[in-house]
Amino acid sequence: MKKTQVIIVGAGPTGVMLAHLLGQKNISVILIEKEADIFPVTRATHLDAETLRNLQMTGLINELKEYTQSITYFDVVDKDGKTLFEQALANQDTVHHYKDDCFFDQVYFEKILRKGLARYSNVELIVGAEAIDMIASGAEVKIGLKTSKEGGITEVTGDWLIGCDGGRSFVRETMFPKMRELKPPKDWILVDTALNNAEDARLLPDRFRYYLSDERLTAYAHGFGLNRRWEFELNEGETMPEEAVIKSWVEKFIDLNKISFLRIKKYTHLSLVTPKWQENNVFLAGDAAHLMPPFAGQGLCSGVRDAVNLAWKLSDVIQNKAKTDLLNSYDTERQVQIKHTFNQTHSLMQILLADTKVQKWRRKTQLQSIQLLPPKLKAFLQKSFSNPKSLTIGCVAITSKLCGQHLPQFVMAENRLSDDEMSYKWALIYAPSIFAKEGVSLDIENIHLIPSADIWEEWLKANKIDFAFIRPDKIIFGAGKIHNWKSVYEEYRKWEISN
Ligand SMILES: Cc1cc2nc3c(=O)[nH]c(=O)nc-3n(C[C@H](O)[C@H](O)[C@H](O)COP(=O)(O)OP(=O)(O)OC[C@H]3O[C@@H](n4cnc5c(N)ncnc54)[C@H](O)[C@@H]3O)c2cc1C
């Protein structure tokens with residue numbers, strides 16, 4: 001039997017991201033994956049700028065970026081090909097350093113991320129082992145494994161367990177309440193293809209597009225490299241059509257000789273969320289905790305957000321740098337943020353899905369009206385629509401300035417990125433002359449102290465603040481003028497983060 005501090009069940013994007021972050025914190029991790037190999041066809045196609053920034057925390061962003069390509073536009077066209085709505089997704093005004101939403105190849109991402117785990121001697125990945133049994137006593141968790149390897153490990157014990165085992169999560173089914181259904185399920189047909197020749201790329205749009213036709217809503221994603229995807233809505237009562245019929249739908253967009261079909265699959269859009277993200281020493285993250293229709297392309301992005309939110313809290317508690325209360329803030333914070341993400345997704349669905357003639361007329365009119373909004377207002381709406389809300393609850397000094405917002409990421413000397421310099425740790429950016437003048441000494445453990453200069457000095461000045469306390473996930477815990485320091489520091493001490 002193997003023993004570890006943290007067991008992670010499921011080596012999808014969420015589980016692997018958590019393993020990286022806990023690995024960096026010197027926590028011993030066993031990551032269990034039932035499949036022997038990575039699923040060979042990409043599932044997610046879209047990543048947002050914040051997720052790229054979060055993935056940067058693995059130290060592998062340069063390799064990952066090789067498998068991304070910026071999404072120029074998202075648009076909606078009517079049955080005659082007339083554009084009803086168009087939104088640029090490149091060159092956006094974000095604080096994350098990355099400016100574009102992008103298409104990416106999930107298969108290569110997973111390969112790079114899994115391979116990167118070899119850098120941590122404290123992280124062990126066991127593939128071909130399915131968690132089939134679980135006893136959680138409160139003090140420790142025992143997982144029974146069905147392994148495909150003769151003589152393989154059949155049991156692991158850990159102090160903590162994170163269920164990252166996807167939509168049909170065994171961990172969730174074993175010890176969490178039923179998920180809440182936020183919208184009824186809806187069937188779609190998913191068609192993944194690859195262009196046979198790169199030169200034929202010009203035959204299809206370079207973007208993410210919805211086609212409105214009388215028969216069904218159709219989504220098209222350019223995808224990374226040669227990948228091209230169509231998703232066809234199934235109408236009420238419609239069953240899975242013959243493959244030839246589905247191929248004839250694709251033929252309306254491209255000559256079938258120019259593509260190879262990778263998979264054709266019925267896929268049910270679900271809107272489900274767990275009412276609880278933690279039960280004693282067991283957590284849920286990623287699709288195990290939330291399943292959303294892919295309208296806003298946020299499933300994987302949200303799983304990565306879960307990982308970035310949870311890993312530092314868990315490692316601070318394990319390493320006795322924080323009270324276990326800190327872990328409650330994972331549930332509190334992610335509940336609020338995921339609600340916003342579901343709202344984004346559902347509002348897009350509400351605009352785009354239409355069955356009756358009246359609904360279709362409403363859809364067209366609504367899209368055209370949004371398109372006619374003044375560009376500044378449209379940009380403002382896009383920003384407030386896409387950004388996860390600032391935290392106003394959880395591990396933040398609620399009354400202080402900028403609290404709960406993302407710290408901007410800057411390019412520093414020698415083209416280094418500021419998040420890389422700060423790493424996945426607590427940091428305090430402060431104006432040294434002001435702290436010295438007021439006689440405030442900063443004798444704080446476990447915090448990366450950053451006396452402001454150059455870009456940080458400008459940023460503090462622009463925000464009329466003398467300091468900013470930054471969480472490892474780059475969320476501002478609290479900030480303010482020197483006279484606010486004591487109260488923000490006291491708030492921080494409540495979590496006993498540095499005892
Ligand atoms: C068609 C489609 C389009 C999508 N588009 C987007 C998009 O554009 N953008 C986006 O952000 N998201 C998108 N998503 C969602 C995204 O793919 C998922 O949210 C993401 O893969 C979830 O990652 P995860 O690690 O939480 O779960 P998963 O990727 O499901 O990984 C779970 C892992 O756990 C393993 N496992 C399960 N049970 C056990 C067990 N008992 N023991 C051991 N291992 C186990 C599984 O084998 C799997 O490897 C899309 C999804 C689909 C299907």
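**Reading the strands, the ligand shell and the helices**

Tutor: Start with β10 and strand β11 (residues 155-163), which pair in the antiparallel sense over four bridges. Keep in mind that this is a predicted model.

Student: What makes β10 and β11 a pair?

Tutor: Two strands pair if there are at least two bridges between them. β10 and β11 have four bridges, so they count as paired. Gly144 stands opposite Glu155 in β11.

Student: Which strand has Asp133's bridge partner, and which residue is it?

Tutor: The partner of Asp133 is Gly144, in β10. β9 and β10 (residues 141-147) run antiparallel and share seven bridges.

Student: How many residues lie between β9 and β10 in their hairpin?

Tutor: Four residues separate them. Gly138 sits in that turn, with a positive phi of about 105 degrees.

Student: Which way does strand β1 (residues 2-9) run against β11, parallel or antiparallel?

Tutor: Parallel, with seven bridges joining them. Val6 has Trp160 of β11 as its bridge partner. β1 also pairs with β2, again in the parallel sense, over four bridges.

Student: Now the ligand. Which residues come nearest?

Tutor: Gly10, Gly12, Gly166, Gly286 and Gly299 do, out of 32 residues around the ligand.

Student: What gives the most to the shell around the ligand?

Tutor: Helix α7, with four residues. α1 (13-24), β2 (29-33), β9 (129-136) and α7 each supply at least two. By class, the shell has 13 nonpolar, twelve polar and seven charged residues.

Student: Why are α7 and α8 called roughly antiparallel?

Tutor: Look at the angle. Helix α7 (residues 299-318) packs against helix α8 (residues 328-352) at about 165 degrees. That makes α7 roughly antiparallel to α8, because the label applies to angles over 145. Their axes are 10 Å apart.

Student: What is the handedness of the crossing, left or right?

Tutor: The crossing of α7 and α8 is right-handed.

Student: Which residues make the contact?

Tutor: From α7 come Ser302, Arg305, Asp306, Asn309, Leu310 and Lys313. From α8 come Ser329, Tyr330, Glu333, Arg334, Gln337, Ile338 and Thr341. The residues of this contact divide into three nonpolar, five polar and five charged.

Student: What is the strand order in the open sheet of four strands?

Tutor: The order is β21-β20-β22-β23, and the pairing is mixed.

Student: What makes β21 (448-451) and β23 (476-480) edge strands?

Tutor: Each pairs on one side only. From one strand to the next, the twist averages 10 degrees.

Student: How do you know that strand β22 (residues 467-470) pairs with β23?

Tutor: Count the bridges. Four join β22 to β23. Pairing needs at least two, so the two strands qualify. They run antiparallel. Phe467 has Gly480 of β23 as its bridge partner.

Student: Which helix lies across β22 and β23?

Tutor: Helix α14 (residues 485-494) does, and it runs at about 165 degrees to β23.

Terms used:
Residues numbered from 1 in each chain as written. Predicted model: local features only at pLDDT ≥ 70, side-chain atom pairs only at ≥ 80, totals over all residues. Axes fitted to C-alpha atoms, helices over the stretch in contact; angles between N-to-C directions. Parallel < 35°, antiparallel > 145°, perpendicular 65-115°, else oblique. Left-handed = near helix turned anticlockwise from the far one by under 90°. Contact = placed C-beta atoms within 7 Å. Nonpolar A, V, L, I, M, F, W, Y, C, P; charged D, E, K, R; others polar. Near = placed C-beta within 6 Å.
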